[in-house]
Structure formats: C-alpha cells, structure tokens
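Here are my notes for you on this structure, written as numbered points. Please keep the viewer open as you read, and look up each residue when its name comes up.

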Amino acid sequence: MSAFTPASEVILRHSDEFTERRMLFAGDLQDDLPAQLDTALSRVHTQQYHHWQILSRALGKNAYYGLVSTAADCNTLVYYWPKNKPEAQFQLQNLLALLPVGSDVFVIGENRSGVRSAEQMLEGWCTLKKIDSARRCGLYHGQLEKQPAFDVDTFWDEYPLGDLTVKTLPGVFSRDGLDIGSQLLLSTLKPHMKGKILDMGCGTGVLSAMIASFSPKVRLTLTDVNAAAIEASKATLAANQLEGEVFASNVYSDIPGSFDIIISNPPFHDGVQTSLDAAQTLICGAITHLNTGGELRIVANSFLPYPQMLDETFGSHEVLLQNGRFKVYRAVKGHPPKK
C-alpha cells in the first residue's frame, strides 16, 4: 500500500477541497492516502483487515475495522467503489446514515468496477454528478439531501446446503451458493477426519460447516480478512450448532499454533486488481503452521502458477482432482531429516 492507486491519484487532484473538512474515507481503499492528505480530521472505516493493518499504523484510533461503521464527527465522505455492487449498497447505506444532511459525498472508482451505477444507487439520498475522469477512473460528487435508514439485519440472507443453513452477507465469497471450486475441494475430503483444521479465507464458513457435519471430532479455526465474512462464518456455525474459532487475520498474521490440515479456496484478487500475494503467503507460510505430516489442500483456477510455489515450499505436490477450470492441490509437510 505504499504507492497510490489510480483512484487515489484522482482524489489528489482535488486535495485543496479537503483542507478544512472532517473526512471519512471508506470502501475499497488500498493505500494510505487519508494519512497523507491535509484535512481538519481524517477517519477511515474498512471491512478489510489487511487494509486496516496498514492504515492504523498511520492513523491510530481514527482507522476502524469492522462490519459496520460507527464513525462520527465527519462532514465529508470519500467512498472507494468496490467491484461488488451489493457490498457498495450495504456500505454506502451504512455510511450515509451516519453523516449529517448537507455533507459532501465523493465516490471514486475505476470505470471497470461499475462505479457509474453509484448515481442510480444513491438516488433519493444524494444527487451525484461526475466531476472528474482520469486514470480510467470516475469521480462523482453530491451533497447528502436525506439520510437513508440502515438496519444491518435486513442485509442478511441464507441458503440451504443439504441439511445445513449457510448465512451470508453482501461482499462475501460464495454468498449466493456453494461455488464450483469449493464443491471440488469438498469432494476430496473424506468423512471422520480428525485433528486441527485451519480454514483460511473462510467466506461464509461453508467449507468448515460441511467438514464439521461429517467429521464432528475436528477442531476448527476459521479466518478471513473480510469483516463480513467473519460475521457470516460465525452465523453459519451458530445456525447449525457447530463449534469453531472465528477471527480476522491477514493470512497468518494473527494465527497461533499449528494444524493438521490447512484448507483454502484462496482469492487471486484484491478489489478489482489481480493479486497472488495472499495465495503466495498462504502456501509459503503453511510449512511453518503445519504439524509434521500435516497437509495443505487448496483449490485454484488451473492457470494460476501454484504448482511451482508448492514444489518450492514442500518439495512436491499432487493434483487430487481437476475439471476444466479448477484443480485441487495437496502438499504434505515431510518429516525433518535425521541428524
């Protein structure tokens, strides 16, 4: 997050506008621009734990991480549009409900992210107009005319999966149903598993819930960077009377101890940008977070360069199952050499 994103570079073109304002930055913010701008006050709310880790170093308590924002004392919002429209709806409704009428609202996003739909989404609360276009981004501005009502409970959804109920929220992976990759990964797992299992990038918690349903003796740890995913996973476990420890972690940043199995359907995007950083950290760090004989099992798009990473880390790997799009990889931590 050292270099500014194209969206932040567009905001910088208007930095003189913000010197006397009490700012709230939110959305898909992937750099430390709020710490660099000259403002009367800068607060940040993010649902992404890895973004909060960076922002909190510069902003301290003025950087907030969580599902719902409670930021106060601000009169200007700069919202970074995410690629997920329901996520934008949730966040903007929450944020605008906190701002006083008359507050300035700026929405910035890459054109390919669908930021153009912000005008229609905010209609009735704020009349947005495009005021700048550069770096393949659009910047929209308006003033809050009416605060929306916001009730987080209205955004919860669920779907059945066999005998399980999967709880979901906007912006969470597998929100609308079990994705094909996760189905493929689950099909390689046998019942009556034992030991400690780490579900990295847990999303709705569907993988862990399915494992626990056919392997009740496992001890589950679920982590994700997305605050909505953390809350959805907790709710999924609770809805099915299953037990597991669920908390935010930037890959292994907050993970204690070691495990018998690490499972993941790792992301290869950060916002709209392609990024293999999380997956590379997942694979390379697994060797120190697995017990001897423990395994890493992941599912990924076939074109991604994970075989080389697995071989460099573990010495070898195997493909357990594949279809036209996905492969399930397995790598085992070997016994240390005898002295």
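**Notes on the chain**

1. Val251 sits in the loop that joins strand 12 to strand 13 (259-264); helices (H or I, at least four residues) and strands (E, at least two) are DSSP runs, numbered from the N terminus. Its phi is positive, about 55°, although Val251 is not a glycine. With a relative accessible area of 9%, Val251 is buried. Here buried means under 20% relative accessible area, exposed over 50%, and partly exposed in between (1.4 Å probe, protein chains only).

2. A word on what you are looking at: this is a predicted model, in which local features need pLDDT of at least 70 and side-chain atom pairs count only at pLDDT 80 or more, while totals for chains, interfaces and linings use all residues. Residues are numbered from 1 along each chain as its sequence is written, and side-chain values use heavy atoms, with hydrogens and water left out.

3. Asp73 is another residue with a positive phi, about 65°, and it is not a glycine. You will find Asp73 in the loop between strand 3 and strand 4 (76-80). As background, most residues other than glycine have a negative phi, and most peptide bonds are trans.

4. Now for the whole chain. How many helices and strands does the chain have? The secondary structure comes to 10 helices and 18 strands. The radius of gyration is 21 Å, close to the 20 Å that the globule rule gives for 339 residues, so the chain is as compact as a globular protein of that length. For this value, the radius is taken over C-alpha atoms, and the globule rule is 2.2 Å times the number of residues to the power 0.38. Along its principal axes, the C-alpha trace spans about 65 × 45 × 40 Å.

5. Buried residues make up 54% of the 339 residues in the chain. Of the contacts with a separation of 6 or more, 64% are between residues 24 or more positions apart; contact means heavy atoms within 4.5 Å. The accessible surface comes to about 15300 Å², and 48% of it belongs to carbon and sulfur atoms. Such areas come from the Shrake-Rupley method with a 1.4 Å probe; for residues, only the protein chains shown count as cover.

6. On charges, the chain has 30 positive and 36 negative ones, and their mean positions are 6 Å apart. Lys and Arg count as positive and Asp and Glu as negative, while His and the chain ends are not counted. Each charge is placed at NZ of Lys, CZ of Arg, CG of Asp or CD of Glu.

7. Buried residues of helix 8 include Ala227, Ile230, Ser233 and Thr236. What do the buried residues of helix 8 pack against? Their partners are strand 3 (63-65), strand 9 (164-168), helix 7 (206-214), strand 11 (219-224) and strand 12 (245-248).

8. Take Ile230 of helix 8 as an example. Ile230 has a relative accessible area of 6% and is buried. Leaving aside neighbours within four places in sequence, Ile230 is in contact with Tyr65, Thr223, Asp224, Val246, Phe247 and Ala248.

9. Gly205 lies in the loop between strand 10 and helix 7. Is Gly205 buried or exposed? At 0% relative accessibility, Gly205 counts as buried. Not counting residues up to four places away in sequence, Gly205 touches Leu222, Ser233 and Thr236.

10. Leu186 is in helix 6, and its relative accessible area is 8%, so Leu186 is buried. Beyond its neighbours within four places in sequence, Leu186 is in contact with Leu178, Leu207, Met210 and Ile211. Met193 is in the loop between helix 6 (180-187) and strand 10 (196-200), and at 12% relative accessibility Met193 counts as buried. Leaving aside neighbours within four places in sequence, the contacts of Met193 include Ile211, Phe214 and Ile261.
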